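Trainee: I am new to this structure. Could we go through it in questions and answers?

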Amino acid sequence: MSDTTGSETSDALLGPADIRELAAVLGVRPTKQKGQNFVIDANTVRRIVRTAGVRPDDVVVEVGPGLGSLTLALLEAADRVTAVEIDDVLAAALPATIEARMPERADRFALVHSDAMLVEELPGPAPTALVANLPYNVAVPVLLHMLERFPSIERTLVMVQAEVADRLAARPGNKVYGVPSVKANWYAEVKRAGAIGRNVFWPAPNVDSGLVSLVRRAEPLATTATRREVFAVVDAAFAQRRKTLRAALATWAGSPAAAEEALVKAGISPQARGEALTVEEFARIAEAKA
């Protein structure tokens, strides 16, 4: 990936030298503990914004903006951007970076200094899109929390570790299909949206990254069961994924016989395994027990 400037990049976006200089001034060293890998390639952040389909009227929420590389590219394309940052030093510095590099858009930017898992509301208009480079160790819970808490988010594009991307986008029957796949499907249509090389990050991670697109369902899943009830079935089914559903759901249902009864009522074979079921089928099982 080239880091040379040209028609595809602008002075406002951060390049490798800008990132390293900014980090040095702030005394920031990316840490594995926080899963920090900063994107240093302007073409990559532009590609992410394009792939996310960010529109001029979008209100974008970004989780983990870091030094601001993706934030600046989002501000170029969206109506406004709200960034959620947990790190004290990075959160304190980001507004100044926006003001210095894109002063004409600074009033379109808001910062929430918080752990994304604790965010219950955001300033300004409701977000219409979520775009983020998520640390792999918290990617799935953060993504699910934001989709659950902010139903106005129509489109999501997250950059995550390739393995996590595969899990999120997996279909029933795939060996990596599991809890993240089913729960993401509760909210949205999920698909892989590209791969990202290691050399566009600083420091370069020792894993590949992937983009995942999530487009929220136009209508919520048609079920009388609640999200919590359906997710309880999903968790139980995959806690012992090698077992048949009759055995895996025994504790959840109260006994193997009760599990079999719910499965039969839902039209699902008690000998099936969780990895074969769609989110709609998990919802039917939750309804059958209710």
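What follows is a set of questions with answers, from the whole chain down to single residues.

Mentor: This is a predicted model, in which local features need pLDDT of at least 70, side-chain atom pairs count only at pLDDT 80 or more, and totals for chains, interfaces and linings use all residues. Residues are numbered from 1 along each chain as its sequence is written, and side-chain values use heavy atoms, with hydrogens and water left out.

Trainee: How many helices and strands does the secondary structure of the protein have?

Mentor: Helices (H or I, at least four residues) and strands (E, at least two) are DSSP runs, numbered from the N terminus. On that basis the protein comes to 12 helices and nine strands.

Trainee: What radius of gyration does the protein have, against that of a compact globule?

Mentor: The radius is taken over C-alpha atoms, and the globule rule is 2.2 Å times the number of residues to the power 0.38. The C-alpha trace spans about 65 × 40 × 35 Å along its principal axes. For 290 residues a compact globule would have a radius near 19 Å, and the value for the protein agrees with this, at 21 Å.

Trainee: What percentage of the residues of the protein count as buried?

Mentor: Buried means under 20% relative accessible area, exposed over 50%, and partly exposed in between (1.4 Å probe, protein chains only). Of the 290 residues, the buried share is 51%.

Trainee: Which residues of α5 are buried?

Mentor: Helix α5 covers residues 139–149. Eight of its 11 residues are buried, so α5 is largely enclosed by the rest of the structure. The cover includes β2, β5, β6, α6, α7 and β9. The buried residues are A139, V140, V142, L143, L144, H145, M146 and L147.

Trainee: α7 is part of that cover. Which residues of α5 and α7 meet?

Mentor: Two packed helices are described by the angle between their axes and the distance between the axes. Here the axes, which are lines fitted to C-alpha atoms over the stretch in contact, with angles from 0 to 180 degrees between N-to-C directions, come within 10 Å and cross at roughly 20°. α5 and α7 are therefore roughly parallel, as angles under 35 degrees count as roughly parallel, over 145 as roughly antiparallel, 65 to 115 as roughly perpendicular and the rest as oblique. With contact meaning heavy atoms within 4.5 Å, V140, L144, L147 and E148 in α5 meet P180, K183, A184 and Y187 in α7.

Trainee: At what angle do the axes of α8 and α12 cross?

Mentor: α8 is made of residues 227–239 and α12 of residues 279–289. The two helices are roughly perpendicular to each other. Their axes come within 8 Å and cross at roughly 110°.

Trainee: Which residues make the contact of α8 with α12?

Mentor: By class, the contact has nine nonpolar, no polar and one charged residues. Ala, Val, Leu, Ile, Met, Phe, Trp, Tyr, Cys and Pro count as nonpolar, Asp, Glu, Lys and Arg as charged, and the others, Gly among them, as polar. α8 supplies E229, V230, V233, V234, A237 and F238, and α12 supplies F282, A283, I285 and A286.

Trainee: Which residues of α3 and α4 meet?

Mentor: The axes of α3 and α4 come within 11 Å and cross at roughly 50°, and the helices are therefore oblique to each other. The contact has four nonpolar, one polar and one charged residues. T71, L72 and L75 in α3 meet L94, I98 and R101 in α4.

Trainee: Is T97 buried or exposed?

Mentor: T97 lies in helix α4, residues 88–101. Beyond four places in sequence, T97 touches L22, L67 and M102. Its relative accessible area is 9%, so T97 is buried.

Trainee: Is G124 buried or exposed?

Mentor: G124 is placed in the loop between β4 and β5. Its C-alpha atom is separated by 45 Å from that of R273, 149 residues apart along the chain. With a relative accessible area of 61%, G124 is exposed.

Trainee: Which residues does a cis peptide bond join?

Mentor: P203, one of the two, is in the loop between β8 and β9. Omega is about -10°, and the cis bond joins W202 and P203.
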